[in-house]
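Here's my quick note on the ligand site. Have the model open while you read.

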Amino acid sequence: MRIAFIGLGNMGAPMARNLIKAGHQLNLFDLNKTVLAELAELGGQVSASPRDAAASSELVITMLPAAAHVRAVYLNEDDGVLAGIRPGTPTLDCSTIDPQTARDVSKAAAAKGVDMGDAPVSGGTGGAAAGTLTFMVGASTELFATLKPVLEQMGRNIVHCGEVGTGQIAKICNNLLLGISMIGVSEAMALGNALGIDTKVLAGIINSSTGRCWSSDTYNPWPGIIETAPASRGYTGGFGAELMLKDLGLATEAARQAHQPVILGAVAQQLYQAMSLRGEGGKDFSAIVEGYRKKD
Ligand code: NAD
C-alpha cells in the first residue's frame, strides 16, 4: 500500500521503518531533512509537502508533536494534507493532542470526503521500534476495520475506543491517573524511608497489598527497587517529565472545557511544572520522587 507518513521524530521514524519493513511504499514528509535522508535510504520516497505526500497515497498517517502542528499539517490551504488528498483516502493522526482538535480536524477532513480518525499510542520509543505499541483508536467502524491490519504492523494492541476523539480521551485519562499515581507512590516511599523502614520491605508490602499499582510494582520511583525501572539508572531513558506535563495539560484543559473537576490532576500538573522549571523535565517522570528526598 502507498502510505503518506508525516512527522518522523522519536516515535514516527521507527513506526515508518516498521511499515517499510512490512513492504509498504512510503511518501515521507518532515521538517527535519536528516531523518528524511535516513528513511529514503531504506526505500521511502521524500515528498515536498504534506499536500504532495497525501496526493498519491492510499492512506495518510501523521505523528506530530502537538495540536498546533496537526492543524498546520492538515489545514494549511496551500500545502496541507487536505489541500492534496483524494476523497475517500483513509486518514489517521497518531499524535497526542486534545480531543476537540481531533474532532475539528476530522470535521474539516469530512468536508473533503475524507474519513479521519485519531489513534494516540502508548509504549514509548521502545514500543515504536519493537512494533509493540498500543493504539487507542477513535474512528468509525469502517475506518477502524481498514486501519487495523496496518496498525498491527506497528503495534500489538489495537483498541477501538469509539468515534473520533475517543482515542485521545482514553490516552489523556490514563496518563492523568499515571501522573497522579506516581506522585502517590513517591510520597509513600519517601515517608517510609524517612520513618526508618527498609524501602525494599516497604515496596514488597505495597506490591502485595491494596496500594499496589503499576507505578509501584513495575516502575517504582525509588532507586534499587525495580532493576529495570528508570529510577535504578538515574532516571534516564523512560517517559520524560516534559511529556507527562504535556499530557496533564491536555487533561486539565479538557476537564476545564467539560466543567469537570480534576483536583489531583491539577496538583500533579503543578508538581511536574515545578520539576520542569528546575531544569529536570528531561528526566523520567518518576524523578518526581526527588522532590520528597533530601539530597545525598
Ligand atoms: P518528536 O518531537 O520527536 O517528533 C515530532 C516530529 O514532527 C519531528 O521530527 C518534527 O520535525 C516533526 N514536525 C513538527 N512540525 C512539523 C510539520 N509542520 N510538518 C512536518 N513535520 C513536523 O516527537 P515524538 O516523541 O515522536 O512524539 C510524537 C507524538 O507522540 C507526540 O504527540 C507525543 O506526545 C506522542 N507520544 C510520544 C511518546 C514518546 O515516548 N516519545 C510516547 C507516546 C506518545
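1. First, some ground rules. This is a predicted model, where local features need pLDDT of at least 70, side-chain atom pairs count only at pLDDT 80 or more, and totals for chains, interfaces and linings use all residues. Residues are numbered from 1 along each chain as its sequence is written, and side-chain values use heavy atoms, with hydrogens and water left out.

2. Who's around the ligand? There are 21 residues in the shell, and Asn10, Met11, Asp30, Thr96 and Lys246 come nearest (near means that a heavy atom of the residue lies within 4 Å). By type, the shell has ten nonpolar, eight polar and three charged residues (Asp, Glu, Lys and Arg count as charged, and Gly counts as polar).

3. Now the polar contacts (pairs of N or O atoms within 3.5 Å). Lys246 puts a polar side-chain atom 2.9 Å from a ligand oxygen. Leu64 uses its backbone instead, with a polar atom 3.0 Å from an oxygen of the ligand. For Pro65, a backbone N or O atom is also 3.0 Å from a ligand oxygen.

4. How much of the ligand gets covered? The protein buries 83% of the 830 Å² that the ligand exposes when taken alone (areas by the Shrake-Rupley method with a 1.4 Å probe).

5. Finally, look at where the shell comes from. Helices α4 (67-75), α7 (124-130) and α12 (241-257) each give at least two residues, and domain 1 (2-164) and domain 2 (169-291) each give at least three.

How values were computed
Polar contact = N/O pair within 3.5 Å; in protein donor to acceptor, adjacent residues only side chain to side chain. Helix = DSSP H or I, 4+ residues; strand = E, 2+ residues; numbered from the N terminus. Domains from an automatic or database assignment.
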